[in-house]
Amino acid sequence: MTTDVQTLTVVGTETSRTRRHIISVVSHVLLVGASILMLYPLLWMLASTFRPENEIFSSSSLWPSSFSIDSYIRGWNGLRVSFGTFFLNSFVIAILCVAGNVLACSMTAFAFARLKFRGRNFWFALMLMTLMLPYHVTLIPQYVLFLNLGWVNTFLPLIVPKFLASDAFFIFLMVQFFRGIPRELDEAAMMDGCSAWRIYWKVMMPLSLPVLATAAIFTFIWTWDDFLGPLIYLNEMRQYTVQLGLRTFVDSTGESDFGGMLAMSVLTIVPVFLFFLFFQRLLIEGIATTGMKR
Amino acid sequence: MTARSMETGVSAAGRAVGTQGVWARIWQQDGPGYLFLLPWFIGFFGLTVGPMLTSLYLSFTNFDLLTTPDWIGASNYVRMFTADPKFAAAMRVTFFFVLFSVPLKLAFALGVAMLLNRGLKGLPLYRAIFYLPSLIGASVAIAILWRQLFSGDGLVNQFLANFGIDGPSWISNPRYSLWTLIILSIWQFGSPMIIFLAGLRQIPQDMYEAASLDGASKWRQFWKITLPLLTPVVFFNAIVQTIEAFKSFTPAFVISGGTGQPINSTLFYTLYLYQEAFGFFRMGYASALAWFLLVMIAAFTAFSFLTSKYWVHYDD
């Protein structure tokens with residue numbers, strides 16, 4: 001789109017056109033080179049998982065000489081508990097976190113963006129301040145709290161905070177989106193006697209699917225990749241997430257079973273990669289818009 | 001303020017029930033807002049404010065999770081600054097990491113964003129390729145990959161061997177180990193790049209055309225138009241990336257096996273905090289570390305905002 005405008009406006013002399021052509025070729029060469037450099041490690045990892053074990057260290061090519069899925073089979077059962085359990089745990093935690101974040105953050109954002117009540121600006125300012133807060137400063141007392149509640153070694157410390165709108169980032173994201181929805185819509189509903197809850201649920205939510213989807217996908221990916229939370233709260237191997245499982249794999253068999261370790265690494269990336277493949281636009285727009293807000 | 005009644009009609013409804021007393025009116029006006037905020041309030045006080053104050057208190061105690069904490073005054077902080085070589089090492093490592101990874105990452109992000117913004121064909125594809133590492137970079141899997149890439153017989157050394165260079169084991173050499181983590185951070189330049197791209201798009205093209213007509217070189221246009229107009233985005237990216245860099249944990253943990261070795265060369269601040277809290281259960285000392293981290297981040301943020309009026313250009 002912008003290409004056409006730019007090229008049209010600079011219909012200059014012949015030399016400047018050649019010059020532009022050269023610059024464009026050079027740019028493409030640079031970008032292709034950078035792309036290869038960026039992707040090579042990932043592709044190499046993928047290729048290595050299909051190689052026989054003894055070939056992994058000796059080959060830097062991206063095409064295995066022979067295909068075998070032994071690494072995946074060995075890796076899947078490489079620990080006392082199979083990776084199937086870790087995947088199941090990670091999915092359960094991630095999906096519940098998504099539900100919590102989408103529900104609680106949107107309720108909070110709705111109150112800040114649309115409802116009128118005393119002290120709103122004050123609480124909103126406090127909420128914004130928590131955006132910058134490093135979680136380390138609450139980590140230890142939270143741990144003590146969850147320990148006293150008997151929640152250590154359960155998924156609860158990882159999930160419950162999401163239902164309490166603890167991710168200020170998503171509240172902020174949703175407030176920005178809600179503010180862009182025309183007020184006439186909820187005013188009309190208000191005139192018709194709709195309660196705040198009905199306006200939230202029947203008017204705002206259906207209109208906010210893009211931002212809800214963005215929040216859901218980011219929550220899924222960040223929960224999936226979270227390492228410190230599970231590391232602190234989950235001690236039983238049966239409850240491990242994929243990240244903890246991988247790390248245990250490295251510590252116990254990593255040096256001896258390289259193929260298995262890389263194969264499991266690839267598998268843990270697959271769900272995130274699928275989100276990337278199918279929802280790339282939403283993710284990129286989500287990032288671009290948060291960055292543009294002052 | 002005057003828009004309140006018009007905006008929600010709540011006051012009109014409030015007037016209707018006025019006879020039921022002042023409480024009913026307050027409920028009518030403020031009730032829904034506070035009800036919607038209820039989950040957030042529980043979280044805010046129960047999981048943020050309460051724990052913050054608790055950890056501030058704990059930082060002045062010798063809490064070890066098992067026995068009741070004893071008040072020991074500021075001795076945790078005194079020990080931190082005077083008698084803890086590991087703390088000093090963690091500070092050095094973290095600051096080195098922040099100072100090199102953030103500017104390099106942002107420079108890369110801006111450079112590639114400017115290349116992409118020239119209206120090249122295939123922009124969505126390039127953007128996607130460059131963004132992918134940011135999305136998966138924080139995972140354990142990538143840390144494992146990195147450990148392999150930079151190990152003694154890893155991919156990097158295999159590549160260098162083609163030129164007859166016999167590379168060291170980058171991961172286990174204290175001179176290079178931190179650099180492998182800095183490279184890992186730069187590799188994830190995609191998300192600031194996307195924000196830069198969005199910012200570049202907002203710069204009006206006619207400014208460049210006017211500048212070209214006046215004979216300004218591309219170099220001059222970059223310094224006089226692009227960069228000044230982009231400073232709000234640079235500002236945002238710099239703050240976000242710096243805070244992220246301060247909080248970086250997983251790569252260092254996985255690559256060093258949770259130790260911060262060799263010779264504490266990858267002992268990130270957060271890794272040291274984790275060791276103290278959950279390795280040695282010195283929760284009081286770890287709380288002091290956490291509060292000092294908060295102070296550093298707050299000081300950095302405040303400093304950025306205070307100086308921003310001298311270098312961040314807002315067009316209004």
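Domain bounds, as used here, come from an automatic or database domain assignment. On that basis, chain B of this predicted model is divided into domain 1, covering residues 3-58, and domain 2, covering residues 78-311.

Along the principal axes, the C-alpha atoms of chain B fill a box of roughly 90 × 75 × 35 Å. The radius of gyration of chain B is 26 Å, whereas a compact globule of 316 residues would have a value near 20 Å. The secondary structure of chain B consists of 15 helices, with zero strands. Of the 316 residues in chain B, 38% are buried. Among contacts in chain B with a separation of 6 or more, 65% are between residues 24 or more positions apart.

Attention now turns to the meeting of the two chains. Here, 78 residues of chain B are in contact with 70 residues of chain A. Helix α3 of chain B, residues 22-58, supplies the largest share of the chain B side, with 18 residues. The end of this helix, residue 58, is also the residue at which domain 1 of chain B ends. Sorted by class, the side of chain B that touches chain A holds 52 nonpolar residues, along with 18 polar and eight charged ones.

The largest nonpolar core contains 147 residues, and the members that touch the most others are A:Phe110, A:Ile171, A:Met174 and A:Ala215. Helix α4 of chain A, residues 83-114, gives the most to this core, contributing 14 residues.

Finally, a database record can be compared with the model. For chain A, an unreviewed UniProt entry lists residues 25-47, 86-110, 122-146, 158-178, 199-224 and 261-284 under "transmembrane region". Two of these listed stretches are described here. Residues 25-47 of chain A are 100% helix and 0% strand, and the C-alpha atoms at the ends are 30 Å apart. Residues 86-110 of chain A are likewise 100% helix and 0% strand, with 35 Å between the end C-alpha atoms.

Methods
Residues numbered from 1 in each chain as written. Chains lettered and ligands numbered in written order. Predicted model: local features only at pLDDT ≥ 70, side-chain atom pairs only at ≥ 80, totals over all residues. Helix = DSSP H or I, 4+ residues; strand = E, 2+ residues; numbered from the N terminus. Rg over C-alpha atoms; globule rule 2.2 N^0.38 Å. Buried ≥ 20, exposed ≤ 12 C-beta atoms within 10 Å, placed from the backbone. Contact = placed C-beta atoms within 7 Å. Nonpolar A, V, L, I, M, F, W, Y, C, P; charged D, E, K, R; others polar. Core = buried A, V, L, I, M, F, W, Y, C linked by C-beta atoms within 7 Å. UniProt positions renumbered as here; feature names shortened; annotations may be inferred.
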